[in-house]
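Please study the sequence and the model, then work through each solution in turn.

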Amino acid sequence: MTATPRSSAPAAAQAATRNHFLSGIVPRGVAAGIVGATVMAFWFLIVDSSQGMPFRTPNFLAGSLLGNEDLQMGLGPIVLFTLVHYFMFVAVGLLASWVLVHVETASPMLLGLVLGFLLFD
């Protein structure tokens with residue numbers, strides 16, 4: 001019995017698609033999310049420190065997230081909100097990266113400006 005040869009084209013196309021996905025969308029989205037989250041965190045650290053209460057904003061937002069407005073400032077709530085903050089920014093970065101790769105009718109710069117306007121308006 002002789003085996004019929006199988007075409008390796010679908011496997012190669014699938015591997016190329018997976019490799020493009022891992023080398024393009026995901027790293028760019030994660031990097032954009034981490035950069036955006038870090039810039040925003042430093043901005044609020046500077047604003048809060050200028051008022052004499054560093055980490056006031058993440059502590060307040062952690063209390064709001066947990067439904068406890070009288071949350072005492074501590075390491076736990078600040079770490080909790082920081083993790084949620086970075087997770088959400090990475091999710092938005094991944095979404096933006098996916099949109100910029102898959103929408104070919106508009107320039108990436110225009111889409112980036114529209115997304116930035118919508119997020120920070």
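This is a predicted model: local features need pLDDT of at least 70, side-chain atom pairs count only at pLDDT 80 or more; totals for chains, interfaces and linings use all residues.

**Exercise 1: The largest pocket**

Solution. Step 1. Residues are numbered from 1 along each chain as its sequence is written, and side-chain values use heavy atoms, with hydrogens and water left out.

Step 1. The lining has 17 residues, of which Ala32, Val92, Leu115, Leu119 and Phe120 are the closest to the centre of the pocket. (A pocket is an open set of points on a 1 Å grid over the protein atoms alone, where a 1.4 Å probe fits, with protein on both sides within 12 Å along at least five of seven lines; lining residues have an atom within 4 Å of a point.)

Step 2. Helix H1 (9-50), H3 and H4 each supply at least two lining residues, and H3 gives the most, with seven. (Helices are DSSP runs of H or I with at least four residues, numbered from the N terminus.)

Step 3. By class, the lining has eleven nonpolar, six polar and no charged residues. (Ala, Val, Leu, Ile, Met, Phe, Trp, Tyr, Cys and Pro count as nonpolar, Asp, Glu, Lys and Arg as charged, and the others, Gly among them, as polar.)

**Exercise 2: H3 and H4**

Task: At what angle do the axes of H3 and H4 cross, and which residues make the contact?

Solution. Step 1. The axes of helix H3 (residues 75-102) and helix H4 (residues 108-120) come within 10 Å and cross at roughly 150 degrees. (Axes are lines fitted to C-alpha atoms over the stretch in contact, and angles run from 0 to 180 degrees between N-to-C directions.)

Step 1. H3 is therefore roughly antiparallel to H4, a term for angles over 145 degrees.

Step 2. Val92, Ala96, Val99 and Leu100 of H3 make the contact with Pro108, Leu111, Gly112, Leu115 and Leu119 of H4. (Contact means heavy atoms within 4.5 Å.)

Step 3. This contact has eight nonpolar, one polar and no charged residues.

**Exercise 3: The second largest pocket**

Task: State the volume of the second largest pocket and which helix gives the most to its lining.

Solution. Step 1. The volume is about 320 Å³.

Step 1. Among the 17 lining residues, Ala41, Phe44, Pro58, Phe81 and His85 are the closest to the centre of this second pocket.

Step 2. H3 gives the most to the lining, with seven residues.

Technical notes
Angles under 35 degrees count as roughly parallel, over 145 as roughly antiparallel, 65 to 115 as roughly perpendicular and the rest as oblique. Grid points are joined across faces, edges and corners, and a volume is the space filled by probe spheres set on the points.
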